[in-house]
Amino acid sequence: MLADDEIGGIVNGFNRIVARTAADLVKRTAAEATAREEKEKAQQAYSQLIATQETLVEAEKMASLGSLVAGVAHEINTPVGITLTAASHLGTATSHITGKLESGNVKKSDFQSYLETAQECCELILANSERAANLIHSFKQVAVDQTSEARRSFHLHDYLNEVITSLKPRFKHTKVNIDIQCEEDILLDSYPGALAQVLTNLVVNALIHGYESGEIAGVILIEAHRRDDQHVSLAISDNGKGIAAENLGRIFDPFFTTRRGSGGSGLGLNIVYNIVRQRLGGNIEVHSELGQGTRFKLEMPCIAPTVQHKENVA
């Protein structure tokens, strides 16, 4: 009888253990199912965030290109207008002297006056046509590069000047000058469009934040030199307002901006960071003090790595 009671107790205890184990298993299975569901939701949310960021980055890039187009279109009106005026004046003077020649009333003084007018008009036409051609060339190269992912070989000195030429309309009515100091024989095998985007964002960022959109006088200095046979150092510095210490560590974060109420998206420097790191295969760092200006320093290889993904994916 005692043995039966002991066996019954053991069986009851075993049954309780089995029941608890089964209950724990059910709870664990439910918890794992919940965890999988939450993981799927998190992955979906992350994918949506990346897609949204890509869309915003593309919008930012197109807005930058649109600003470039508007600036160059406005700037090119002046030389084209002068060229047309000079050509029209030359045409009128030519018709006038032709009429005198046909009537036989032309005098030496008339002919000398025409030659002076023709020379002045030709000089104006040539100078302003060359100015317009340079603007169009720079704009065309930079615009094509910014809308493509193509890599090619190019001389850094020449390309820096092309990018800055395309940006000059943005600085025309400001008190800020741009100075380029670059070794003339640096050859890169890289992505010029990506480099143009980086340079444009950093220079325009300095204008907006460092000099209050050009209301303050200053100089933006672009320096480039070989660090060694395989790498190049590129620095963009200004003597503007500088960056507050509490913001310095956050400026490359997506959507961080100190001009939220003034149209700032907070994506400009995040785009720069991702392009430099992923597309150009380099590094970027920033040094700044309030009232002492800001300096962005880039280190990048002369031959960019081949990448399969877009630069705007964090």
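Predicted model: local features only at pLDDT ≥ 70, side-chain atom pairs only at ≥ 80, totals over all residues.
Reader: Fine. How many helices and strands in the chain?
Author: Six helices and seven strands. Those are DSSP runs numbered from the N terminus, H or I of at least four residues for helices and E of at least two for strands.

Reader: And in what order do the elements run?
Author: From the N terminus, α-α-β-α-β-β-α-β-β-α-α-β-β.

Reader: How much of the chain is buried?
Author: 38% of the 314 residues. Buried is under 20% relative accessible area, exposed is over 50%, and partly exposed is in between, with a 1.4 Å probe and protein chains only.

Reader: What share of the contacts is between residues 24 or more positions apart?
Author: 75%, taken over contacts in the chain with a separation of 6 or more. A contact here is heavy atoms within 4.5 Å.

Reader: OK, the core. Which residues touch the most other members of the largest one?
Author: Leu 156, Leu 188, Leu 195, Val 203, Leu 234 and Ile 236, out of 46 residues in that nonpolar core. The term covers buried Ala, Val, Leu, Ile, Met, Phe, Trp, Tyr and Cys residues joined through side-chain atoms within 4.5 Å.

Reader: Which elements supply at least two residues of this core?
Author: Helices H3 (156-171), H4 (192-210) and H6 (268-279), plus strands E2 (176-182), E4 (218-226), E5 (231-238), E6 (283-289) and E7 (293-301). H4 gives the most, with 10 residues.

Reader: What lies apart from that core?
Author: Another core, of seven residues, including Leu 90, Ala 93, Ala 118 and Cys 121.

Reader: Back to Leu 156. What does it touch?
Author: Cys 182, Ile 186, Leu 188, Leu 195, Ala 224 and Val 232, if you skip residues up to four places away in sequence.

Reader: And Leu 234, where is that?
Author: In strand E5. Leu 234 counts as buried because its relative accessibility is 1%. Beyond four places in sequence, its contacts include Leu 160, Leu 195, Ala 224, Phe 296 and Met 300. Leu 199 is 35 residues away from Leu 234 in sequence, with the C-alpha atoms 9.8 Å apart.

Reader: Switching to helix packing. At what angle do H3 and H4 pack?
Author: About 40 degrees, with their axes 10 Å apart. That makes H3 oblique to H4, since angles under 35 degrees count as roughly parallel, over 145 as roughly antiparallel, 65 to 115 as roughly perpendicular and the rest as oblique. The axes are lines fitted to C-alpha atoms, for helices over the stretch in contact, and angles run from 0 to 180 degrees between N-to-C directions.

Reader: Which residues meet there?
Author: Among them, Leu 156, Leu 160, Val 163 and Leu 167 from H3, and Leu 195, Leu 199, Val 203 and Leu 207 from H4. By class, the residues of the H3 contact with H4 are 15 nonpolar, two polar and one charged. Nonpolar means Ala, Val, Leu, Ile, Met, Phe, Trp, Tyr, Cys and Pro, charged means Asp, Glu, Lys and Arg, and the others, Gly among them, are polar.

Reader: How about H4 and H6, at what angle do they cross?
Author: Roughly 150 degrees, and the axes come within 9 Å. The contact of H4 with H6 has eight nonpolar, four polar and one charged residues. Val 198 and Leu 202 are among those in H4, and Leu 269 and Ile 275 among those in H6.

Reader: New topic: where's Lys 241?
Author: In the loop between E5 and helix H5 (245-248). Lys 241 is partly exposed, at 38% relative accessible area. Its contacts beyond four places in sequence include His 209, Glu 212, Glu 289 and Gly 293.

Reader: Gly 293, buried or exposed?
Author: Buried, at 4% relative accessibility. Gly 293 lies in strand E7, and among its contacts outside four places in sequence are Asp 238, Lys 241 and His 287.

Notes:
Residues numbered from 1 in each chain as written. Heavy atoms only, no water.
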